Amino acid sequence: MNKMTLIGQGRPYAQNQEVTMSSLDMVSYINSDRQSKATEEGLEFPCKKYRKLEHRSFMSKVTKVLGDAAAKYFATDTYVNGTGGKVKREIYNFPKREACLMAMSYSYELQAAIYDYMEELDRQRGGYLSHTISELQQIVTAARKHSDEDSSDAGRRLRKRQDDLPLLNKAEYLVESLGQLKLSFGKESGDDK
């Protein structure tokens, strides 16, 4: 089975804000998934078996899948086109349930991947995604510096320093690993319609 890797915008969410996925993100993800499947099979993308999904096609499917409820998730997005002009386009911002329903209309595998991705965003809401990688690196660096300075008062602080080191090493490793994750839904271009 093809293992899907969801690469998303990685938007931070406020603690009380619902996690959503835009129609643009979903189209980018569906196309990334199709491209990866085509590559695994040694095919070019797009091809007859794995066609490129256009945003306008996805948009027309939304009301078929969600019915009248689709209107609640309607929004507009502004992007800069190839000539530098600002253009507005219609999009949808789906909460988890509706994103999964839309994904299921393409495949159960896609639904599972999107559900898992949104569950992870939900878990991380208010957690490490609320900081940029740079901010996390600064936090870990400050903690290491504080621990280094704190250990200069020998004796009682030496034991604390010994306890701090494994945690600091783990934090540095996790921040470095987090910096390697791809958190964007592919390349979002202004001509995605």
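Me: At roughly what angle do the axes of α1 and α2 cross?
Reply: This is a predicted model, in which local features need pLDDT of at least 70 and side-chain atom pairs count only at pLDDT 80 or more, while totals for chains, interfaces and linings use all residues. Residues are numbered from 1 along each chain as its sequence is written, and side-chain values use heavy atoms, with hydrogens and water left out. Helices (H or I, at least four residues) and strands (E, at least two) are DSSP runs numbered from the N terminus, and axes are lines fitted to C-alpha atoms, for helices over the stretch in contact, with angles running from 0 to 180 degrees between N-to-C directions. On this basis, the axes of α1 and α2 come within 10 Å and cross at roughly 120 degrees.

Me: Which residues of α2 make the contact with α1?
Reply: α1 passes α2 in a right-handed crossing, where right-handed means that the near helix is turned clockwise from the far one by less than a right angle, and left-handed that it is turned anticlockwise. Contact means heavy atoms within 4.5 Å. From α1 the contact takes Ser23, Leu24, Met26, Val27 and Ile30, and from α2 it takes His55, Phe58 and Met59.

Me: How many residues of the contact of α1 with α2 are nonpolar, polar and charged?
Reply: Ala, Val, Leu, Ile, Met, Phe, Trp, Tyr, Cys and Pro count as nonpolar, Asp, Glu, Lys and Arg as charged, and the others, Gly among them, as polar. Under this scheme the contact of α1 with α2 divides into six nonpolar, two polar and no charged.

Me: What is the orientation of α1 and α4 to each other?
Reply: The axes of α1 and α4 are 12 Å apart, and the two helices pack at an angle of about 125 degrees. Angles under 35 degrees count as roughly parallel, over 145 as roughly antiparallel, 65 to 115 as roughly perpendicular and the rest as oblique. The orientation of α1 and α4 is therefore oblique.

Me: Which residues of α4 make the contact with α1?
Reply: The crossing of α1 and α4 is right-handed. Met26, Tyr29, Ile30 and Lys37 form the α1 side of the contact, and the α4 side is formed by Glu109, Leu110, Ala113 and Ile114.

Me: What is the angle at which α3 and α4 pack?
Reply: Two packed helices are described by the angle between their axes and the distance between the axes. For α3 and α4 the axes are 7 Å apart, and the angle is about 160 degrees. That makes α3 roughly antiparallel to α4, and the crossing is right-handed; the angle asked for is about 160 degrees.

Me: Which elements do the buried residues of α3 pack against?
Reply: Buried means under 20% relative accessible area, exposed over 50% and partly exposed in between, with a 1.4 Å probe and protein chains only. In helix α3 (residues 96-104), the buried residues are Glu98, Ala99, Cys100, Met102 and Ala103. Their packing partners are β1 (20-22), α1 (23-40), α2 (55-66), β3 (86-95) and α4 (108-124).

Me: Which residues does Asn31 touch, not counting those up to four places away in sequence?
Reply: Asn31 has its place in helix α1, and it counts as buried because its relative accessibility is 9%. With residues up to four places away in sequence not counted, Asn31 touches Phe45, Arg51, Lys52 and Leu53.

Me: What is omega for the peptide bond that joins Phe45 and Pro46?
Reply: Most residues other than glycine have a negative phi, and most peptide bonds are trans. Pro46 lies in the loop between α1 and α2. The bond joining Phe45 and Pro46 is cis, with omega at about -5 degrees.

Me: What distance separates the C-alpha atoms of Lys88 and Thr78?
Reply: Lys88 lies in strand β3 and is exposed, because its relative accessible area is 62%. Leaving aside neighbours within four places in sequence, Lys88 is in contact with Asp77 and Thr78. Lys88 and Thr78 are ten residues apart along the chain, and the separation of their C-alpha atoms is 4.4 Å.

Me: What percentage of the residues of the protein chain count as buried?
Reply: The secondary structure of the protein chain comes to six helices and three strands, and from the N terminus on the elements run β-α-α-β-β-α-α-α-α. Among contacts in the protein chain with a separation of 6 or more, residues 24 or more positions apart account for 64%. Of the 193 residues of the protein chain, the proportion that counts as buried is 34%.
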